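Subject: Structure handover

Hello,

Here is the structure you asked about. Please open it and keep it on screen while you read.

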Amino acid sequence: MLIHRYECKISGFLANLPVKLSQITTQFLVTVSAVLKHPVSFHLEVFENWKHGEEPNKEDPETTSYFSLHKLVKHFEDIDLLEHIATTLTLLKFLKNLKYLSNDIKTEDELKLGQVLCHYFAAVMPNIHAIFELKCTPENPTKTEMVAVALFPNVAAHLNHSCDPNTFVIDQGRVQVTVAARTIEPGEEICHVYYGHFGDTSKEKRQEQLFKKYHFKCNCEACENDYPNAEKCLEIAKTFAATPKENLVNLLPVEELTNFDLKNEELKQIVESALSKNKVLIALEATKQRIKLISEHLKQPHILYIMGRCSMVNYMWYIYGNRSTQFK
């Protein structure tokens, strides 16, 4: 494999890097990894085809992925272009030192590769995904820890951010699976959370970090309507019957809402009983039914949505997620 030849050359350099890398170092290394997987000619060909709007062969997954990488949002209008170009030149120098570029490469091709690197580097940071694994503790059996980052351009091209996301992800081996966290209606946008859920992160902090890391101002419903956090949602209502009218999908009699509470409580008892016997799959199925009930009758923001999402994430990770060597 082409990349392995170069990874061996920089293994010493990688081994001396700190455990927690800076944002720009992470961006740099992901870009290098993306480049080293294929020869220069491959990147130049994909770049030229993208520039001229020539769609790739769908049966060629590698070309399709790199074509998708070029199509990702890059936020050139918001980044420091001088710093960006300087980093691109450093990338080019780094690749030269690895002997990735042949000594007889044409000046024209080297300049084109510089353009490719400029686009790759800009696309990486706003679109990389964190990779986690389970690393349980006696206090928290579903604790996860970030262990890497990865780039999935074909996925990133189709998912946006929301501070009230309707999906979450679990990592299985080298695959990241996107899971619906609640009922997603036909025509509804499918959203990940890049940084900060409204339930546990203030709007000010979310906006600050999203702009700093991803170069955009969030206009999701949670931000536009200034959704209250989980603590305040808990004060507003914790049952169907106590839910304000504006948070109901349809206005219903109190008796009917009370019946929903009874059904929710019944499912809750099933979850608790299953967890006491370590039957997490049964707990997950009952939680799905609770979320379906919530999705049919309640609107966000609501504590039942927030709690349902947290439970779903924890159970899915416990059953299907990657495990660290320390996991028991």
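Below is what was found in it, from the whole chain down to single residues.

First, the ground rules. This is a predicted model, so local features need pLDDT of at least 70 and side-chain atom pairs count only at pLDDT 80 or more, while totals for chains, interfaces and linings use all residues. Residues are numbered from 1 along each chain as its sequence is written, and side-chain values use heavy atoms, with hydrogens and water left out.

**The whole chain**

The chain has 14 helices and 6 strands. Both are DSSP runs, numbered from the N terminus: helices are H or I with at least four residues, strands are E with at least two. The C-alpha trace spans about 80 × 45 × 40 Å along its principal axes. Of the 328 residues, 44% are buried. Buried means under 20% relative accessible area, exposed means over 50%, and partly exposed lies in between (1.4 Å probe, protein chains only).

Now the contacts (heavy atoms within 4.5 Å). Take those with a separation of 6 or more: residues 24 or more positions apart account for 65% of them.

Most residues other than glycine have a negative phi, and most peptide bonds are trans.

- H75 has a positive phi of about 55° and is not a glycine. H75 sits in the loop between α5 (61–71) and α6 (81–97). Is H75 buried or exposed? H75 is buried, with a relative accessible area of 13%.
- D226 also is not a glycine, and its phi is positive, about 50°. Look for D226 in the loop between α10 (221–224) and α11 (230–236). D226 is partly exposed, at 49% relative accessible area.
- The peptide bond from Q300 to P301 is cis, with omega near 0°. P301 belongs to the loop between α13 (280–297) and α14 (303–320).

**The second largest pocket**

A pocket is an open set of points on a 1 Å grid over the protein atoms alone, where a 1.4 Å probe fits, with protein on both sides within 12 Å along at least five of seven lines; lining residues have an atom within 4 Å of a point. The second largest pocket holds about 560 Å³ of space. Which of its 23 lining residues are closest to the centre? They are D164, R182, E188, E221 and Y227. The lining divides into 7 nonpolar, 8 polar and 8 charged residues.

Best wishes

Terms used: Points joined across faces, edges and corners; volume = space filled by probe spheres on them. Nonpolar A, V, L, I, M, F, W, Y, C, P; charged D, E, K, R; others polar.
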